[in-house]
Amino acid sequence: MALNIEDKKLIVEEVSAVAAEAGSMVAAEYRGLTVEQLTNLRAAAREANVQIRVVKNSLARRAIQGTKFEDMADTFTGPLIYAFSGEELGNAARVFKNFAKDNDALVVRSLSIGEGCMGPESLAQVAALPTYDEAVAKLLFVMKEPVAKLARALTAIKEQKEAA
C-alpha cells in the first residue's frame with residue numbers, strides 16, 4: 001500500500017522521536033523470516049524494553065537525521081528492521097543476538113551506541129554490556145572488597161596482638 005506524504009511525515013516524526021530518546025540502535029536484515037518468527041522477535045523485544053520499527057530505508061534515513069545515529073544511514077540497504085534500546089545500551093543488541101542464534105535469516109547490518117556506526121562484528125561486544133543493575137552491583141562489589149580486606153587485616157592484627 002502506497003503511503004501519502006502526510007503518512008510518511010508521521011512515520012518520520014515517530015521514528016525520529018524514538019531515535020532521539022534511544023541509547024542504542026541496531027539495523028538488521030530480516031529477509032526470509034516468517035510472520036511467526038517476526039512476532040516472536042517483537043515479543044522478545046517488548047520484554048527487553050526495546051522498540052522495533054519496520055520502515056522504508058529512505059524514511060529511516062530521514063528520521064535519524066540530526067540524531068546520534070545519523071552515521072548509520074549509509075548501511076540502510078535491503079529489507080531492514082530497526083531496534084532501539086532505551087537507557088540499557090546493550091538490550092537491542094542482546095535481543096537480536098539471542099534471536100539470531102535460532103534464526104539464521106536475521107542478519108545484523110550495523111549498530112550504534114551513539115559513538116559512531118559499528119559493523120555486525122561488534123554485536124557480541126555491545127550485547128555483553130552490563131545492564132544498569134549489573135553495573136551498579138559490580139561497582140558496589142569493587143567498592144566493598146577493599147573495605148572487607150581491610151577489616152580482615154585489622155582483625156588479624158588484633159588477634160596477633162592478643163596472642164602476644
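Modeller: This is a predicted model. Four strands make an open sheet, ordered S2-S3-S1-S4, with antiparallel pairing.

Biologist: Which strands are at the edges?
Modeller: S2 and S4, each of which pairs on one side only. From one strand to the next, the twist averages 20°.

Biologist: How many bridges join S1 and S3?
Modeller: Six, in the antiparallel sense. Ala-28 stands opposite Ile-81 in S3.

Biologist: What about helices? Which strands does H1 lie across?
Modeller: Helix H1, residues 5-21, lies across S2 and S3 and runs at about 150° to S2. H2 also lies across S2 and S3, at about 150° to S2.

Biologist: How many residues are in the largest nonpolar core?
Modeller: It has 21 residues. Val-26, Leu-41, Ile-52, Ile-81, Phe-96 and Leu-106 have the most contacts inside it.

Biologist: Which element gives the most to this core?
Modeller: H4, with five residues.

Biologist: And what is Phe-96 in contact with?
Modeller: Beyond its neighbours within four places in sequence, Phe-96 is in contact with residues including Val-26, Ala-28, Ile-81 and Val-108. There is also a second, separate core of 19 residues, with Met-25, Phe-69, Tyr-82 and Phe-84 among them.

Biologist: Switching to rings: how many aromatic pairs are there?
Modeller: One. The ring centres of Phe-76 and Tyr-82 are 4.9 Å apart and the planes are at 65°, so the pair is edge-to-face.

Biologist: Are Phe-76 and Tyr-82 buried or exposed?
Modeller: Phe-76 is buried, at 0% relative accessibility. Tyr-82 is buried too, with a relative accessible area of 1%.

Key:
Residues numbered from 1 in each chain as written. Predicted model: local features only at pLDDT ≥ 70, side-chain atom pairs only at ≥ 80, totals over all residues. Heavy atoms only, no water. Core = buried A, V, L, I, M, F, W, Y, C linked by side-chain atoms within 4.5 Å. Buried < 20%, exposed > 50% of the residue type's maximum accessible area, 1.4 Å probe, protein only. Helix = DSSP H or I, 4+ residues; strand = E, 2+ residues; numbered from the N terminus. Contact = heavy atoms within 4.5 Å. Phe/Tyr/Trp six-rings, centres within 6.5 Å; stacked < 30°, edge-to-face > 60°. Pairing = 2+ DSSP bridges. Axes fitted to C-alpha atoms, helices over the stretch in contact; angles between N-to-C directions.
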